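Dear colleague,

Here is the structure I promised to hand over. My notes follow below it.

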Amino acid sequence: IRDRVSTQSTGVMQICSSIQNQDFTVVNDYITGLKCLLYLQSRDDLVNWDYQSPPKQPVPGSFAGPKVPRMGLPRFGPFQEERLNKLKAKCIESDLLAQPSGLSQVEPQFKGPAPTVNDVLGSSLKYVGKYNDLNNKQHVVALVDPELCINCGKCYMTCNDSGYQAIKFDPETHLPHITEDCTGCTLCLSVCPIPECITMVHRDLPYVPKRGVPPVSVN
């Protein structure tokens, strides 16, 4: 009996350790984002920045640049090796030096030292509104770009731990798949390390909550 209890306790400790590690990762991501915000506020050339970055436009030579053709292959495991072989063949066929890079270097302009956390406390309160101001018919769902996914598993872990368990993995490609249980909470988008890999798109059909019990009308 003692050995059985010890084995079960070990399993519980391993699960708790995994969840705690994921929670630390999410918190660390938010701390890094706050540091980035304070740095950007010290830039004089970003004085009119409204804290919302526009969608990233692919540039030549970037992670998802137009010169890198879409191959329909994930970026991990044996698929990545196949991607690299196809990309190598593409580079051999084209003269990369004859093509403009499209990149330009911008020197940052600083207006002074970066603000402190106390300087930005409460600055977002003016954007907080009432729940009744929201349109409950505007539903969105997450969409994963398979060519940008690096299979880190952060979207799955955060959805499984703090969301609605709406992300499953394909048994063959191991790519994340968004199920109909997605509520559009954007947790997966918040923790994804690859820009534009996860986007929120309009949901065609209204979301029907699954409470585990049939709905009952109250007169």
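Lys154 counts as buried, at 18% relative accessibility. Buried here means under 20% relative accessible area, exposed means over 50%, and partly exposed is in between (1.4 Å probe, protein chains only). The side chain of Lys154 meets that of Asp29 in a salt bridge, 3.6 Å from N to O. Lys154 lies in helix 4 (residues 154-162) and Asp29 in helix 1, so the pair ties together parts that are 125 residues apart in sequence. Asp29 counts as partly exposed, at 30% relative accessibility.

Some ground rules before the rest. This is a predicted model, where local features need pLDDT of at least 70 and side-chain atom pairs count only at pLDDT 80 or more, while totals for chains, interfaces and linings use all residues. Residues are numbered from 1 along each chain as its sequence is written, and side-chain values use heavy atoms, with hydrogens and water left out. Helices (H or I, at least four residues) and strands (E, at least two) are DSSP runs, numbered from the N terminus.

Salt bridges

The structure holds 3 salt bridges. The criterion is a side-chain nitrogen of Lys or Arg within 4 Å of a carboxyl oxygen of Asp or Glu. Side chains of opposite charge can pair when their charged atoms come close.

One of the bridges joins Glu82 and Lys86, at 3.9 Å from N to O. Both residues lie in helix 2, 4 residues apart, about one turn of the helix. Glu82 is partly exposed at 37% relative accessibility. Lys86 is partly exposed too, at 41%.

Another bridge joins Glu147 and Arg83, with the closest N and O atoms 3.3 Å apart. Glu147 lies in the loop between strand 1 (140-144) and helix 4, and Arg83 in helix 2, so this pair ties together parts that are 64 residues apart in sequence. Both partners are buried. For Glu147 the relative accessible area is 6%. The two side chains also make a polar contact, at 3.3 Å. That term covers a pair of N or O atoms within 3.5 Å; within protein, one must be able to donate a hydrogen and the other to accept it, and residues adjacent in sequence count only if both atoms are side-chain atoms.

Which residues does Pro74 contact beyond its neighbours within four places in sequence? They are Phe79, Gln80, Arg83, Pro146 and Leu175. Contact means heavy atoms within 4.5 Å. Pro74 is found in the loop between helix 1 (2-41) and helix 2 (77-93). Pro74 is buried, with a relative accessible area of 4%. The C-alpha atoms of Pro74 and Asn151 are separated by 8.4 Å, and the two residues are 77 apart along the chain.

Asn151 is found in the loop between strand 1 and helix 4. Asn151 counts as partly exposed, at 22% relative accessibility. Its backbone deserves a look. Asn151 has a positive phi of about 60° although it is not a glycine. Most residues other than glycine have a negative phi. Glu196 also has a positive phi, near 65°. Glu196 lies in the loop between helix 5 (187-191) and strand 4 (198-202). Glu196 is partly exposed, with a relative accessible area of 35%.

Aromatic pair

The structure holds 1 aromatic pair. The rings of Tyr156 and Phe169 have their centres 5.2 Å apart and their planes at 50°, so the pair is tilted. The pair links distant parts of the chain: Tyr156 is in helix 4 and Phe169 in strand 2 (residues 167-169), 13 residues apart. Rings of Phe, Tyr and Trp (its six-membered ring) pair if their centres lie within 6.5 Å; planes under 30 degrees apart count as stacked, over 60 as edge-to-face and the rest as tilted. Tyr156 is partly exposed at 30% relative accessibility, and Phe169 is partly exposed at 26%.

Surface

Leu34, Val117 and Leu121 form a nonpolar patch on the surface, with about 250 Å² of accessible area together. Patches are made of residues with over 30% relative accessible area and no salt bridge; like charges are joined within 9 Å, and nonpolar side chains (Val, Leu, Ile, Met, Phe, Trp, Tyr) within 5 Å. Accessible areas come from the Shrake-Rupley method with a 1.4 Å probe; for residues, only the protein chains shown count as cover. Leu121 is found in the loop between helix 3 (117-120) and strand 1. Leu121 counts as exposed, at 59% relative accessibility.

Best wishes
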